[in-house]
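Student: Could you help me learn to read a protein model, one feature at a time?
Tutor: Gladly! Let us look at it together.

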Amino acid sequence: MVRLRSPSSGAGAALPGARRLFGLWWRRQSPARQDRFATLAPLSSVLLFLAAIISAFWYLRNEEIERETESVRRDTEITQQQINLRLIQNQEQLIRMARDLVTRTVDQVAFAAMAADFTRERPEVTHLDWLGARRNVKASHYPLLYLPEALNPTEPDPSLPKAGYDNEPELAFRSAWESRQPAYSHSFTSSSGNPVFQLYLPLIERNTFAGTLVVEYSIDTLLRNHVPAEVVRRHSIAVLDDQQRTLASTMSLSPRAASNRAPLIDEEPLGPPTIGLTLRGLGYRTSIGLISNTLFWMVVALSVLTVWMLLGTWRHVRRRAQIQSALVQETNFRRAMENSMPTGMRAMDLEGRISYVNAAFCQMTGYAESELVGRLPPYPYWPPDRIDENARLLQQELQGRSPAGGIEVKVMRKDGSRFDARMYVSPLIDPRGQQTGWMTSMTNITEAKRIRDQLSASHERFTTVLEGLDASVSVLSVQQGELLFANRSYRLWFGGDARGHLIMAGGTPMDFEAEGEDSIDHLSGLPTQELTELGTSPREVFIESMQKWFDVRSRYLQWTDGRLAQMLIATDITARLRAEEQASAQAEKAQVTSRLVTMGEMASSVAHELNQPLTAITNYCNGMVSRVLADTIERDDLVAALQKTARQAERAGQIIKRIRAFVKRSEPQRQPAQASQIVEDAVDLAGIELRRRNVAIHTYVAQHLPELLVDPILIEQVVLNLLRNAAEAIDTAGLATARRHIELRVVPRHTVDEGGVIEFSVTDMGPGLNDEVSARLYEAFFSTKAEGLGIGLLLCRSIIESHRGRIRAQNLYNGSAVVGCRFAFTLPVELPARTDDSAARAEPAQPTTITSE
């Protein structure tokens, strides 16, 4: 393991205080932190060295760039001075030539001689022209290199301006004419396709403009002949126009090679400003970049190798520290576990001498470790009256014949008290595989024995309770089909075999024979945990041989030995079912009776309703007889009278048919039904009573309602009872005509408790319900009517609840005053969940109003 030492006294003499502080801080660090610091310090040094190398390379690279940039700028300025000086010298020579043309008589031959002398040492001049005041050519001279017939015309660059009227030459001529001073034109493309510019020198004769001397320069030749050779070798020089287009260049590198290197650029103006030319110097760094430097990569590779080796060393040291820490933790854990566990541990050699006891063993016996280690039998914790028995058991242990389940012994504490203990013995084996002694674990089972005795007593009491139950309780092994438990009622009804259990479980009796050693358990793969977590599954079973009905509840459980078993609890419900059948029959009779009573109460209204069509029939018949006897009736009039008579007879027949369908006794039968049809039939019957009492009804039935699975006659009976009660309440209260109306609404709703339902509501403007009536509303034989039976609302609630619905009543308030009452009941259907009130968005049908005639 690596350790960092504090600096020596000689090295730290200059800074004794810092050395002492470092030594004090170092001694306070843990060994693991010292190892980590000893590994990280070289790693940090390597990283700092690598950073220093990279910084040095970066600094040298920047110095190189600055030097190269300065070189490019210097060469560009030299080239600029060379070309500008050349142009100035040419202009001075041309001024003298222009003076000679004005002051002397010069013909074309003399002009050609003068021009030849001028262009002989100036290859950049393409030609000279002598123009008159009207820009007519008086004479021209072309050097041999630029003779028109010797030129090889090239395709001009379309991006460069061309010579012509109102272009660069014309503008330069006008400028010279107006200013009487030499004028340079902008660069343009000549007829030969080369970029050029011209110089116009005005010819002044007696203060009169007599023409111009024109000289044309080739930009490419000017650049090629007047850039120093050493500059060309070092850098590339190019001439650009005012739109940054390259007109001429000394570029020696290929574009691909130049594009791979970072350029260094410097630009300077060329010639007079009117030319619009820029001289650009272009250079490149001569050395390769930092990333491409071989030395740099060698340093990086060595640094990475060093870092990798240091990381490997650090991981190795860290692993050793982790193993050492784990070993210490494991030792501490084992020691803490031995000291905290309630099981006593005792080790002894082959002769029976105690060599080790843990803290729990000492605590259980009350003796200190020094009082037990090294002792031979008899041991001090043996009771005096059991020394012989304990000596026999010890010899049995030393011979290796102790039972695997341990042995129960009596142990005496140091204070003389005793307790029951169970000892387990196992051999001690050394690393060479030889036995050196025995290890004994001792557990205090006094409390366990007490709990076991209590459990035995509790089991006896529980068995007594099961034996006294009126229901049969049986437990059957699923794999073997063995009856594991049966109480007294089971044995009384089914005997002592498993046939009764199988019959109630829905199976068939089977013969369970003893299975041989080679038999296969086909139920060994059952999901025991999932089956035992399931709840009870109740069902009713009829046993024909006993003529009894049983309510059977079954569930799976694990028996005391771990086997999967099925428990059945069967209760005799024969008497209860018979009572329910009688109650159902009575309820059906009560419903029929209620309908008959309703029709009896509506007898006068029905008679009045039937009297109208019968009276009309009588009148029609008497009229027809009289007119037939008087022979004053035509055939068409007779047919019309007979048709009216038939319609009145059909009206009476419909009333009687509807009443017969309502009161006809039939078995309750649930079937798909539409809420709109139920409402229509109930309103037709109730309309007879409502017209008699001068009460109007408004019905609102939402469109696209789902079908109901109900008994339509029973639901119609509920709606009819609610409508009649509302009409009687309004009529009894003697309300004004504006308040004598009932509202029947049928809308879908979705509630958290009931889910998707269809709600029927009957709302009246009557006096409402007082507190006493609200409390006893569904009480049997309670009625607010003088001749009422008190079973109407009770039957309504029974009918609605039998359809898994709910019925409720509530008063309507305007402030604190009661302004009406609302009865509503719901019937469940399958509807999609809604987040808001469905009634608010339901589209009602057109309301139907029935008023008294």
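This is a predicted model: local features need pLDDT of at least 70, side-chain atom pairs count only at pLDDT 80 or more; totals for chains, interfaces and linings use all residues.

Student: Is Phe361 buried or exposed?

Tutor: The idea is to compare its relative accessible area with a cut-off: buried means under 20%. Phe361 has a relative accessible area of 1%, so it is buried.

Student: Which residues does Phe361 touch?

Tutor: Here we set aside residues up to four places away in sequence; Phe361 then touches Gly344, Met345, Arg346, Leu372, Tyr381 and Met442. Take Gly344: it is 17 residues from Phe361 in sequence, yet their C-alpha atoms are 3.9 Å apart in space.

Student: What share of the contacts in the whole chain joins residues 24 or more positions apart?

Tutor: If you take the contacts with a separation of 6 or more, 60% of them are between residues 24 or more positions apart.

Student: And how many helices and strands does the protein chain have?

Tutor: There are 23 helices and 28 strands. The chain has 853 residues, and 38% of them are buried. Its accessible surface is about 50,000 Å², with 54% of that belonging to carbon and sulfur atoms.

Student: What tends to happen to nonpolar side chains in general?

Tutor: In soluble globular proteins, they tend to be buried together. In this model, the largest nonpolar core has 45 residues, and Ile742, Phe760 and Phe825 have the most contacts inside it. Among the elements that give two or more residues to this core are helix H19 (675-692), helix H20 (712-733), strand E24 (741-751), strand E25 (755-764) and strand E27 (817-828).

Student: Which element gives the most to this core?

Tutor: That is H20, with ten residues.

Student: How do I read the way H19 and H20 lie against each other?

Tutor: Look at the distance and the angle between the two axes. Those of H19 and H20 come within 9 Å and cross at roughly 35°. The crossing of H19 past H20 is right-handed.

Student: Which residues meet there?

Tutor: From H19 they include Ile678, Ala682, Leu685 and Glu689, and from H20 they include Ile715, Val719, Leu723 and Arg724. Taken by type, the residues of this contact are twelve nonpolar, no polar and four charged.

Student: Now a histidine. Where is His501, and is it buried or exposed?

Tutor: His501 belongs to helix H14, residues 499-504. Its relative accessibility is 0%, so it counts as buried. Beyond neighbours within four places in sequence, His501 is in contact with Ser474, Val475, Leu476, Tyr490, Gln566 and Leu568.

Student: What about Arg627?

Tutor: Arg627 has a relative accessible area of 35%, so it is partly exposed. This residue is in helix H17, residues 603-629. Neighbours within four places aside, Arg627 is in contact with Thr632, Ile633 and Asp637. Leu638 is eleven residues from Arg627 along the chain, and their C-alpha atoms are separated by 9.2 Å.

Student: What can I learn from the backbone angles?

Tutor: They can point you to details of the chain. For example, omega is about 5° for the peptide bond joining Pro377 and Pro378, which is a cis bond. Pro378 lies in the loop between helix H10 (369-372) and helix H11 (387-398).

Student: Which phi value does Gln547 have?

Tutor: Gln547 has a positive phi of about 55°, although it is not a glycine. Its place is the loop between strand E18 (537-543) and strand E19 (548-558). With 47% relative accessibility, Gln547 counts as partly exposed.

Student: And where is Asn694?

Tutor: Asn694 is in the loop between H19 and E22. Asn694 is not a glycine either, and its phi is positive, about 60°. At 38% relative accessibility, Asn694 counts as partly exposed.

How values were computed:
Residues are numbered from 1 along each chain as its sequence is written. Side-chain values use heavy atoms; hydrogens and water are left out. Helices (H or I, at least four residues) and strands (E, at least two) are DSSP runs, numbered from the N terminus. Buried means under 20% relative accessible area, exposed over 50%, partly exposed in between (1.4 Å probe, protein chains only). Contact means heavy atoms within 4.5 Å. Accessible areas come from the Shrake-Rupley method with a 1.4 Å probe; for residues, only the protein chains shown count as cover. A nonpolar core is a set of buried Ala, Val, Leu, Ile, Met, Phe, Trp, Tyr and Cys residues joined through side-chain atoms within 4.5 Å. Axes are lines fitted to C-alpha atoms, for helices over the stretch in contact, and angles run from 0 to 180 degrees between N-to-C directions. A crossing is left-handed if the near helix is turned anticlockwise from the far one by less than a right angle, and right-handed if clockwise. Ala, Val, Leu, Ile, Met, Phe, Trp, Tyr, Cys and Pro count as nonpolar, Asp, Glu, Lys and Arg as charged, and the others, Gly among them, as polar.
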